[in-house]
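Dear colleague,

I am handing over the structure we spoke about, and below it you will find my notes on what was found. Please read them with the coordinates open beside you.

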Amino acid sequence: RKYFVINIDKVTYSSNFYNTKEFIKNKNYKFLKVDLNEKNKILTILKKYKPSCIFNLAAETHVDRSIENSKQFINSNILGVYSLLEAFKIFSKNKKKTKLIHVSTDEVYGDVLKGRSDEKYRYNPSSPYAATKASSDHLVQAYVKTFNINAIVTNCSNNYGPKQHPEKLIPKLIYNIINNRSLPIYGKGINSREWIYVKDHCEALIKVFLKGKIGEFYNIGSNKNM
């Protein structure tokens, strides 16, 4: 789409530069190694490049890891978002048209036993991961109402597709099948999940950026449970 893209990442265990090799030399792409908690660095980047949109996809996302050690999830998913919001609040005083799209998860709703969750569905997170994402959603909403920033929250179902980290369910199962290992299925295997192809999610995020209403929450999914 001819956008100039700045990729900000702190480079942890789940980062993989193989994923960027197709476009790493593209003149419309720039990578910067920065932690979201480094507010002043984030603000400097915003002031230098003056983006029309910030997509916040930065998060610790693995439920099992959040159960083993919640601290990293609090640092990234709550404090990191707070840092970004503070930088964006300052930047927005002079760049009022820039939007912040905060990418969240359907896991903030907890277990949906009947029907489907809509945007008015109550938050009822079941894991430390989901709780930290719920907290970040509330922070973003509070900054919209208190400081009048241009932000939108999206809550997406499970993603799948090429280059996904092997700790995630589908690549993990494929890897185990190829290597003749047992298949780890959560609980008794009766849970269902809603899956969306990663590029469909990206299309939806662009649509939210171009047409979404400030302060709104948008659920993104395939409407198909497996």
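Predicted model: local features only at pLDDT ≥ 70, side-chain atom pairs only at ≥ 80, totals over all residues.

**The protein as a whole**

The protein has six helices and eight strands, and when these are read along the sequence they follow the pattern β-β-α-β-α-α-β-α-β-β-α-β-α-β. Its radius of gyration is 18 Å, which is close to the 17 Å given by the globule rule for 226 residues, so the protein is as compact as a globular protein of that length. Taken along the principal axes, the box filled by the C-alpha atoms is roughly 55 × 40 × 35 Å. Of the 226 residues, 34% are buried, and among contacts between residues at least 6 apart in sequence, 74% join residues at least 24 apart.

**Two helix pairs that involve α3**

Helix α3, which covers residues 71–92, packs with helix α4, residues 128–147, at an angle of about 15° and with the two axes 8 Å apart. Because angles under 35 degrees count as roughly parallel, α3 is described as roughly parallel to α4. The crossing of these two helices is right-handed. On the α3 side the contact is made by Phe-73, Ile-74, Asn-77, Ile-78, Val-81, Tyr-82, Leu-85, Glu-86 and Lys-89, while α4 brings Tyr-129, Thr-132, Lys-133, Ser-135, Ser-136, Leu-139, Val-140, Tyr-143 and Phe-147. Sorted by class, this contact has eleven nonpolar, four polar and three charged residues.

Helix α3 also meets helix α1, residues 39–49, and here the axes come within 9 Å and cross at roughly 40°. That angle makes α1 oblique to α3, and the crossing is right-handed. The residues in contact are Lys-39, Ile-42, Leu-43, Leu-46 and Lys-47 from α1, together with Ser-83, Leu-84, Glu-86, Ala-87, Phe-88, Ile-90 and Phe-91 from α3. By class, the contact of α1 with α3 has eight nonpolar, one polar and three charged residues. If you look at both pairs side by side, you will find Glu-86 of α3 in the contact with α4 and in the contact with α1.

Thr-154 lies in strand β5, residues 151–156, and it is buried, with a relative accessible area of 0%. Not counting residues up to four places away in sequence, Thr-154 touches Ile-101, His-102, Val-103, Ser-104 and Thr-105, and also Leu-205, Val-208, Tyr-218 and Ile-220.

Asn-158 is found in strand β6, residues 158–160. Its relative accessibility is 18%, and since buried means under 20%, Asn-158 counts as buried. Leaving aside neighbours within four places in sequence, Asn-158 is in contact with Asp-106, Arg-193, Glu-194, Trp-195 and Ile-196.

Ile-206 lies in helix α6, residues 198–211, and with a relative accessible area of 17% it is buried as well. Its contacts, not counting residues up to four places away in sequence, are with Arg-1, Tyr-3 and Phe-55. Ile-206 and Ile-101 are 105 residues apart in sequence, and their C-alpha atoms are 9.6 Å apart in space; Ile-101 is also one of the residues that Thr-154 touches.

**Two lysines with positive phi**

Lys-50 has a positive phi of about 45° although it is not a glycine. Lys-50 lies in the loop between α1 and β3, and it is partly exposed, with a relative accessible area of 48%.

Lys-163, which is not a glycine either, has a positive phi of about 70°. Its place is in the loop between β6 and α5, and at 41% relative accessibility Lys-163 counts as partly exposed.

Terms used:
Residues numbered from 1 in each chain as written. Heavy atoms only, no water. Axes fitted to C-alpha atoms, helices over the stretch in contact; angles between N-to-C directions. Helix = DSSP H or I, 4+ residues; strand = E, 2+ residues; numbered from the N terminus. Parallel < 35°, antiparallel > 145°, perpendicular 65-115°, else oblique. Left-handed = near helix turned anticlockwise from the far one by under 90°. Contact = heavy atoms within 4.5 Å. Nonpolar A, V, L, I, M, F, W, Y, C, P; charged D, E, K, R; others polar. Buried < 20%, exposed > 50% of the residue type's maximum accessible area, 1.4 Å probe, protein only. Rg over C-alpha atoms; globule rule 2.2 N^0.38 Å.
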